[in-house]
Amino acid sequence: MADNTEDGFLNEMKDATNFSAKEFEYGYERISSTAGQINKLFGQTRERINELKTSLADTSPGIVRLGGDLGAVADTISEIAIASRRNVVANKEDVEQMYAAQKILGTSVGELSEKFMDIGVGISQIPEELEKSINYIQSIGGNTKQVMKDVQDNMGQMNRYQFEGGVQGLTKMAAQASMLRFDMGQTFALAEKVLTPEGAIETAAAFQRLGISAGALADPFALMNQSINDPSGLQNSLADVAKQFTYFDEKTKTFKINPQGVLTLKEMETQTGVSAREMSKMGLAAAELDQRLSAIKTAGLTIASEEDKQYLANIATMQDGKYKVTLEDGTKKELAELTQPEFDKLIEQQKTGPKTLEDIARKQMNYSELISSDVKAIKSAVIGGAVTQKDLLRLSESARSRSTDLTGAASRNFASPEAVRGELTTALGDMKSLYKDIQEGKKTPTDALSDYLKKMGEQGENINSKLLSSFNKSIKEARDKNPNQTGLDKMVQEGYNKILNELDKTEKADKLKEKNTVYGNKNISSLIEGRQTKDLKESSSTEGAFGSKSQNVTYDGTVNVNVNFTGNGAKDLNPSQMEQVTKAITSTLRSTAFAQTSYNNANPGNPTKAPKEVTV
């Protein structure tokens, strides 16, 4: 809250002109995230995101001046869009006025929008209609919130009955009902009953039988006409009937319903459906209003309009059996003794009051709220304008698109659970084959293990190749989606091209390596732990170049073997089978044949057949 002292005011203004980088960062993040939420509500792609960001930034200062914030801006825009059933972004003025109306009336923007749109009033017309209605209610001294609530609750009646002046006609009828403490729903219920000739004749006959002065209510044709074209006049006719049964009690200084009226109004309810309770309240209020108007007439004042007369009557209160008003200096004055200058001053105060929705809403705020909201509005305008600068918006959206292009392509190309499952299924199948070959004696332990390791090597090559291909494909997809419009787009495009060139070189090198590789038993020395005191060596025989060789191999050291059974494949092996596999692998790795196989794999020649003679 703002400090009401001079120093407090100066501190507020100083804060309003002091900006930090953190505030701009936070402002940008808030506007971006809020725009994203509205965009989700609209069900749109990113085409309109910058429009939403700009609208939020432009509208925010006005809403903040009314005590709202960025969230209130977003809610107002969203509720208008929902009510209109279209993805329309309301303009700055409409959003501010609708938010102000919400503050004044204590109802939601969505409800207001729904009610008015249901009777054919567009968003841009709603604030104007609301201002006219509120100004009228204030001009006669009515309660704005109460009357406008009645207007909203009965707005659907405008599609059934005719009101002079449209919304303003309904407002006047609601204001009259409010002054008379009458439920205007009773009027519409009667109007519905007498819409047809049969209903009008039956109801008019009922009023005639009651033997009261009912005016148009006793004439079926006038009754039907009023119900369709002048519901307000129908309500006036009911008021004229109700106040016939009132009298002023001098002892209590209040109006009351006479005994005959109690019986008559009850019978009227039976025959016409109009509530006796509501008619009693209206009769008492109408009689009291007539007395206030009579006091004004006694004063002999020159009154320019009926609204001015009603305003004076509505601000008067009864004290000691007399109707009095409070003057500007706080003194009380009887209506009957009010002078023309005093009356003119009272009317001037009413007419010079706030008229726009924004001004009325701000008048309802206290001093501290006004200062605080104005300071926040200054910051909102500066920060909002800075973080929604056109080029910055384009750059930020471009950066977002370029990064999501690449991550999106990568997630599609790399995220393949099927491929991973396929490779693991193959690997587990190879493990089972290894055990089966060793157990059934189809292959020697050395050959079975050698074949298994060969397959593992091939799987590794396949996975590596697939990853490289997926990465290459992702970069190409991201590059092809790049519009290449902004400076950032061009920089990213150059980066994509450079990466693709490097990937192309890597792919060509791998293909050349694959072409020159002789696939045989793979080097498995990484599985051996220990120290070799002497290297494996080869010595050639004296036989011809195309004859047989004699190889002498010396192998010293210790082979430590540790077999772990983990993963889904282990569940297929029982303890006995695990022990057999462990023994087979241990025996193989410590065998003379395995030593020779290790040597063959390390030898660049990699002969395809074992040597005829081996010495260990």
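**Ala200**

I looked up Ala200 and found it buried, with a relative accessible area of 1%; buried means under 20% relative accessible area, exposed over 50%, and partly exposed in between, with a 1.4 Å probe and protein chains only. I note that this is a predicted model, in which local features need pLDDT of at least 70 and side-chain atom pairs count only at pLDDT 80 or more, while totals for chains, interfaces and linings use all residues. Residues are numbered from 1 along each chain as its sequence is written, and side-chain values use heavy atoms, with hydrogens and water left out.

I placed Ala200 in helix α11, residues 197–209. Helices (H or I, at least four residues) and strands (E, at least two) are DSSP runs, numbered from the N terminus. I then listed what Ala200 touches, leaving aside residues up to four places away in sequence: Lys193, Val194, Pro220, Leu223 and Met224. Contact here means heavy atoms within 4.5 Å.

**Asn39**

I turned to helix α2 (residues 21–42), where Asn39 is found. Asn39 counts as buried, at 5% relative accessibility. With residues up to four places away in sequence not counted, Asn39 touches Gln44, Thr45, Arg46, Ile49 and Leu52.

**The whole protein**

I recorded 25 helices and five strands as the secondary structure. Of the 616 residues, 40% count as buried. Among the contacts with a separation of 6 or more, 65% come from residues 24 or more positions apart.

Two packed helices are described by the angle between their axes and the distance between the axes. Axes are lines fitted to C-alpha atoms, for helices over the stretch in contact, and angles run from 0 to 180 degrees between N-to-C directions.

I first took α9 (residues 167–179) with α13 (residues 231–242): they pack at an angle of about 20°, and their axes are 9 Å apart. That angle makes α9 roughly parallel to α13; angles under 35 degrees count as roughly parallel, over 145 as roughly antiparallel, 65 to 115 as roughly perpendicular and the rest as oblique. The crossing of α9 and α13 is left-handed, a term used if the near helix is turned anticlockwise from the far one by less than a right angle, with right-handed for clockwise. On the α9 side the contact is made by Met173, Gln176 and Ala177, and on the α13 side by Pro231, Ser232, Gln235 and Asn236. I sorted these residues into three nonpolar, four polar and no charged. Ala, Val, Leu, Ile, Met, Phe, Trp, Tyr, Cys and Pro count as nonpolar, Asp, Glu, Lys and Arg as charged, and the others, Gly among them, as polar.

I next took α9 with α10: the angle is about 120° and the axes are 9 Å apart. These two helices are therefore oblique to each other. Leu170, Met173, Ala174 and Ala177 of α9 make the contact with Met184, Thr187 and Phe188 of α10. Here the division is six nonpolar, one polar and no charged.

**Positive phi in two arginines**

I looked up Arg181, in the loop between α9 and α10 (184–193). Arg181 has a positive phi of about 55° although it is not a glycine, and it counts as exposed at 58% relative accessibility.

I found Arg85 in the loop between α4 (70–84) and α5 (92–105). The phi of Arg85 is near 65°, a positive value in a residue other than glycine. Arg85 is exposed, with a relative accessible area of 60%.

**The strands**

I began with β1 (residues 246–249), which pairs with β2 in the antiparallel sense over four bridges; two strands pair if DSSP finds at least two bridges between them. The two form a hairpin with four residues between them, and Lys253 in the turn has a positive phi of about 60°. Tyr247 stands opposite Lys256 in β2. Strand β2 (residues 254–257) has Phe255 and Ile257 on its covered face and Thr254 and Lys256 on its uncovered one.

I then traced an open sheet of three strands in the order β3-β4-β5, with antiparallel pairing. Its edge strands are β3 (317–319) and β5 (332–334), each pairing on one side only. Neighbouring strands of this sheet are turned by 50° against each other on average, direction ignored. Strand β4 (residues 322–326) runs antiparallel to β5 and is joined to it by three bridges. I noted Lys332 in β5 as the bridge partner of Thr326.
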